[in-house]
Protein chains: 2
Amino acid sequence: MKQSKKGRVTLQQVAEHAGVSTSTASLIVRNNPRISDATRKKVLQSMQELGYVYDRVAANLRSQSSDTVGIIITDISNTFFSEFLIGVHDALDEVGYTVLLGTTFDSVSKQDHLLSTMLEHRVGGLILCPVSESTEETVARLNDIDTPMVLAVRELPGVKSDYVGINYPEGARIAVDYLIEKGHERIALLGGIRESSTWVERMEGYRDALSRAGLEVDEALMINSAPTREGGLEAVLKVLENPEPPTAIFCFSDLIAFGVMQGLRMKGFTPGKDIDIVGFDNVPVAEIYHPPLTTISSFPRRTGKEAANLLYQQMEKIKREQQRIILTPELIVRESS
Amino acid sequence: MKQSKKGRVTLQQVAEHAGVSTSTASLIVRNNPRISDATRKKVLQSMQELGYVYDRVAANLRSQSSDTVGIIITDISNTFFSEFLIGVHDALDEVGYTVLLGTTFDSVSKQDHLLSTMLEHRVGGLILCPVSESTEETVARLNDIDTPMVLAVRELPGVKSDYVGINYPEGARIAVDYLIEKGHERIALLGGIRESSTWVERMEGYRDALSRAGLEVDEALMINSAPTREGGLEAVLKVLENPEPPTAIFCFSDLIAFGVMQGLRMKGFTPGKDIDIVGFDNVPVAEIYHPPLTTISSFPRRTGKEAANLLYQQMEKIKREQQRIILTPELIVRESS
DNA sequence: ATGGAACTATGAAGCAATCCAAAAAAGGCC
DNA sequence: GGCCTTTTTTGGATTGCTTCATAGTTCCAT
């Protein structure tokens, strides 16, 4: 698990070669202005000749600092997270930090392990997208960490830390409002697992939009399913058996929407013409699907950027209250509605 | 760009608290068996009480070793690379390495910068997916690096290093062979930029398959375009103007294939019924598209895993010749053909 | 010349661990 | 108990760089 390295050129060697002290050489690598141009040039020349490579590990040790930040996400293959990662990565890159990556695959033990590893690596800060099932121990542990940290995407009640998240209920409300404005009165909510908080939040927004418009919530139009394309297919077939079928469908996710559209076609309906469809997530395919999917975007990149900014403020000791940033999703209208 | 840390508990403090020497404590954190159970227990107890966190940075400095590996890719939002990353990550996680991530967005200067940063961080090894446009300087530099390294996905002529790549010509050949076997004689090759090596490689396989089957290559059936959905749309509209249109289409990429299918529908054809379509890449959407797309998969996860394995062998000083692993893509038949 | 700023440069200590060789403790046997 | 072997434990040096207080140079104005 370890890998040893052969002779690296050290700052001492450079200094010796250039005929100055190590301290001087050190000041030069760090671009300290109080070194004369003459010696600076001389030393830089020596570095070039010897092929010197700065050793951040040693530097960080001595200066008790760190220029890496850890970022722990649950799944890179999920488009949301890979986009989120890009957002974080970009923002931190810009200010000179390097990213240590970890993926939990939604396992508590892996998350625990990654937290340990990153702290052992002396990361200067930590961005954590917590796994869904979190214990009291986790909460306690996170509160114990005195490394700057921001929680993202999923909030952990009880954890005192900055947080960047998305207002899912509001997203659902926007989607349903849009369908109501288009004149629909029977709007289904399809897909998703009833027990998951993600579903509950969308459902809240859905109910809210309907009741504000004076429409009744028909439980028969809310059908749960696995959060997959197949799930969407099943759900739509079920809802179409209703004697009074919906005229528009708000789907739990884009994936569900794809299944729903497949089901509609099987039953001879044309999505976007006979029945309006709205998805949720704005996965990249939504745009290129047939038909292009109207959906709700939660701006994963922007979320990542905000998380990085909050972390940066903490790391640079910018004094402020604990912060919560809740981003509001936006509706993206395409041909499926 | 730096972040200083408050008092961390050190091994000295632990040792003092437990009434042993630092050396002993050090042996214990490293699970050295020649420590009596009594003292081990005592010291572990002290660590617990003081909340000791192992400092890998200091340890790596002293032992001249590293337990991080750097991985540089061109784009995380590209599904191929995010899957590739998962493959690498998983394999390295298993053997206890931590991943330092960098993204070049296909920029040479960013790649240069990332290489420097990672070497300065004393990574134990490096997996590099080089940017497309690479200079002689890059080649020279890579040959100078004496950190274990493996190149992946894109080969750099002149660089002496292990390599894991994909046999794209063979993938194209397999796709076209399949269409020929289905009885097609007029097979188009649509999409992609003529100048890119990725296109040329697919074209080689395409030509090869046709000529081996005794079929003539009709230049009018090879239409280039931007590697986007729009590009695919344009290309297919153009090829359909042909007095003798193709009966099957091999697309440069899945993205192109989506555009091609859209174009076919516009002209009243049903993809998979009237005209067979084969894509390339097997992006996750290919499976859930309408209709599901027959395509060529190049197993990004597996590629990542292989890269990680090669790197691991180098890092653990497993003596062997320089290695090249070329994976052969596979055909995945779905309803679009 | 000369005294005092204002620049530059440096020596030695220190960061938190590991390494190595050598000392101390424990066991075994006569 | 004494002697030898084996098992545990330990100083002190070391890793490559930064820190900090101090020393050495310039450079002007006196």
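Biologist: How much space lies in the second largest cavity?

Modeller: This is a predicted model in which local features need pLDDT of at least 70 and side-chain atom pairs count only at pLDDT 80 or more, while totals for chains, interfaces and linings use all residues. Residues are numbered from 1 along each chain as its sequence is written, chains are lettered from A and ligands numbered from 1 in the order in which they are written, and side-chain values use heavy atoms, with hydrogens and water left out. A cavity is a set of points, on a 1 Å grid over the protein atoms alone, where a 1.4 Å probe fits but cannot get out, and its lining residues have an atom within 4 Å of a point. With grid points joined across faces, edges and corners, and volume taken as the space filled by probe spheres set on the points, the second largest cavity holds about 30 Å³.

Biologist: How do the residues lining the second largest cavity divide by class?

Modeller: The lining consists of T74(B), F81(B), C129(B), P130(B), A152(B), V153(B) and R154(B). Ala, Val, Leu, Ile, Met, Phe, Trp, Tyr, Cys and Pro count as nonpolar, Asp, Glu, Lys and Arg as charged, and the others, Gly among them, as polar. The division is therefore 5 nonpolar, 1 polar and 1 charged.

Biologist: Which element gives the most residues to the lining of the largest cavity?

Modeller: The largest cavity holds about 210 Å³ of space, and of its 19 lining residues V57(A), T68(A), H121(A), V57(B) and H121(B) are the closest to its centre. Elements are DSSP runs numbered from the N terminus: helices (H or I, at least four residues) and strands (E, at least two). In both chain A and chain B, α4 (56-63) and β2 (65-66) each supply at least two lining residues. The greatest contribution, 3 residues, comes from α4(A).

Biologist: What distance separates the polar side-chain atom of R62(B) from a base oxygen of DNA strand C?

Modeller: A residue is near a strand if one of its heavy atoms lies within 4 Å of it, and 25 residues surround DNA strand C, with R62(B) among the closest. As a polar contact (a pair of N or O atoms within 3.5 Å), the pair formed by R62(B) and the base oxygen is separated by 2.5 Å.

Biologist: Which element gives the most residues to the surface near DNA strand D?

Modeller: Around DNA strand D there are 27 residues, and L11(A), S26(A), Y52(A), R62(A) and R62(B) come nearest. The side chain of Y52(A) places an N or O atom 2.5 Å from a phosphate oxygen, whereas a polar backbone atom of A58(A) lies 3.4 Å from a base nitrogen. Two or more residues each are given by α1 (11-18), α2 and α4 of chain A and by α2 and α4 of chain B. The greatest number, 4 residues, comes from α4(A).

Biologist: How far apart are the C-alpha centres of domain 2 and domain 3 of chain A?

Modeller: Domain bounds come from an automatic or database domain assignment. Chain A is divided into domain 1 (11-54), domain 2 (68-166 + 301-328) and domain 3 (168-297). Between the C-alpha centres of domain 2 and domain 3 of chain A the separation is 31 Å.

Definitions and conventions. On a 1 Å grid over the protein atoms alone, a cavity is a set of points where a 1.4 Å probe fits but cannot get out, and a pocket is an open set with protein on both sides within 12 Å along at least five of seven lines; lining residues have an atom within 4 Å of a point. A polar contact is a pair of N or O atoms within 3.5 Å; within protein, one must be able to donate a hydrogen and the other to accept it, and residues adjacent in sequence count only if both atoms are side-chain atoms.
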